[in-house]
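The questions below ask what stands behind the terms used for this model, and each answer sets a value against its cut-off.

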Amino acid sequence: MNHASIGGSSLKSSAGRGHNTGSALLSATSIVGDDVCNLKQDKLGKIEDIMLDLENGTIRYAVLSSGGFLGMGDRFYAVPWRALRQDQGNKRFTLDIDTERLKKAPGFDKDHWPNMADSAWNSSIDSYYTPRSDSTQI
């Protein structure tokens, strides 16, 4: 898996290993299954899905699964795409959030997804993952 970063979005490139030839267009499913870790190197989960904003033509959320065992009992979290950073060297993504804070994040299970088009829901998710102005980090 070779990740390429295009316009702030992280993609797996079909170009040669470690070689980014510029614009690459790939499917969103190419990052599904990638690990997500925090800045302390704790594994938070993996990317299960990508939610697209069709009006703006952008990736809105990465759906992170966490906490289960062999796919059972996983809790899902919609993480704003802008909150994730690509860790190309380790072929994963990072999220600047403590493990305990993630456990308290608004989440859902695989059979009961929220209405991600709801503006109030979007606002609450965005504010949860936005770094605070004081010295406390998410």
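pLDDT is the predictor's confidence in each residue, on a scale from 0 to 100, and this is a predicted model.

Q: How confident is the predictor in the protein, on average?
A: The average pLDDT is 78, and 71% of the residues score at least 70. Over residues 1-23, however, the pLDDT is below 50, although this stretch has 58 contacts in the model beyond near neighbours in sequence. Residues 134-138 also stay under 50, with 9 contacts beyond four places in sequence. Where pLDDT is low, the predicted coordinates should not be read in detail.

Q: Why is Phe76 called buried?
A: Buried means under 20% relative accessible area, and Phe76 has a relative accessible area of 7%, so Phe76 is buried.

Q: Why does Trp113 count as partly exposed?
A: The partly exposed class lies between the buried limit of 20% and the exposed limit of 50%; Trp113, at 35% relative accessibility, therefore counts as partly exposed.

Q: What makes the pair of Phe76 and Trp113 edge-to-face?
A: Ring centres must lie within 6.5 Å for a pair, and planes over 60 degrees apart count as edge-to-face. The centres of these two rings are 6.0 Å apart and their planes stand at 80 degrees, so the pair is edge-to-face. This pair links distant parts of the chain, with Phe76 in strand 6 and Trp113 in the loop between helix 1 and helix 2, 37 residues apart. Together with Phe108, Phe76 and Trp113 form one aromatic cluster.

Q: Why are the buried residues of helix 2 said to line one face?
A: The buried residues in helix 2 are Trp121, Asn122, Ile125, Asp126, Tyr128 and Tyr129. Seen down the helix axis, they fall within an arc of 160 degrees, so they line one face of helix 2. The face turned away from this buried side carries the exposed residues Ser119, Ala120 and Ser127, while the buried residues pack against strand 5, strand 6, strand 8 and helix 1.

Q: How do you know that strand 7 and strand 8 pair?
A: Pairing needs at least two bridges between the strands, and 4 bridges join strand 7 (residues 84-87) to strand 8 (residues 92-95), which run antiparallel.

How values were computed: Residues are numbered from 1 along each chain as its sequence is written. This is a predicted model: local features need pLDDT of at least 70, side-chain atom pairs count only at pLDDT 80 or more; totals for chains, interfaces and linings use all residues. Side-chain values use heavy atoms; hydrogens and water are left out. Helices (H or I, at least four residues) and strands (E, at least two) are DSSP runs, numbered from the N terminus. Contact means heavy atoms within 4.5 Å. Buried means under 20% relative accessible area, exposed over 50%, partly exposed in between (1.4 Å probe, protein chains only). The arc is that of the directions from the helix axis to the C-beta atoms. Rings of Phe, Tyr and Trp (its six-membered ring) pair if their centres lie within 6.5 Å; planes under 30 degrees apart count as stacked, over 60 as edge-to-face and the rest as tilted.
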